[in-house]
Amino acid sequence: DCVTAVLCQFSSNPFSISLDLLIEGNDCGRGHLIAPSIVLFIGAGFTVLSVITFIQPLLRQSGIVIHLLSISFCSLIVLIFVFCLVTYLYMVRRIIIAPELSASMCKSLPLLMHTFYSISLWLMATITVERALVAVQYSR
């Protein structure tokens, strides 16, 4: 169901638009891999820049730095999973994949993307709470 877009990414709403429906609907050849590749390389570049920024000794005095680095790596992992999903959706139309592998890829990639996205949101909430506590502490 995932590949044929009958039920988009196992959602309960059959009218939702998903990545598989968009890729299945038009045939751009390898053009589907260009945009995710560019986004993946830009995301990897920003992750490298954030690591270079946050390894500075002055910034490491704050406890927030580890959370910001974790968010950066979680975002990169999500981008890698998006690239894997687009590659999988492109390849499944051209080669025969074992049904068990296809079903596991179809279910696991969106689950992993959502999991790491949720981890990023929780880390951002942790940073917000920590900054609020510091602001309250210094206002007294």
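Which residues make up the largest nonpolar core?

I took this up first, in a predicted model where local features need pLDDT of at least 70, side-chain atom pairs count only at pLDDT 80 or more, and totals for chains, interfaces and linings use all residues. Residues are numbered from 1 along each chain as its sequence is written, and side-chain values use heavy atoms, with hydrogens and water left out.

Core. I found eight residues in the largest nonpolar core: Phe 81, Leu 85, Tyr 88, Leu 89, Val 92, Cys 106, Leu 109 and Met 113. A nonpolar core here is a set of buried Ala, Val, Leu, Ile, Met, Phe, Trp, Tyr and Cys residues joined through side-chain atoms within 4.5 Å; buried means under 20% relative accessible area (1.4 Å probe, protein chains only). Two or more residues of this core come from each of α3 (64–92) and α4 (99–139). α3 gives the largest share, five residues.

Helix pair. I then looked up how α3 and α4 pack. Their axes (lines fitted to C-alpha atoms over the stretch in contact, angles from 0 to 180 degrees between N-to-C directions) come within 9 Å and cross at roughly 160°. α3 and α4 are therefore roughly antiparallel to each other (angles over 145 degrees).

Whole chain. I noted four helices and zero strands in the protein chain, counted as DSSP runs (helices H or I, at least four residues; strands E, at least two) numbered from the N terminus. Of its 140 residues, 29% count as buried. Among contacts (heavy atoms within 4.5 Å) between residues at least 6 apart in sequence, 69% join residues at least 24 apart.

Note on methods: Buried < 20%, exposed > 50% of the residue type's maximum accessible area, 1.4 Å probe, protein only. Parallel < 35°, antiparallel > 145°, perpendicular 65-115°, else oblique.
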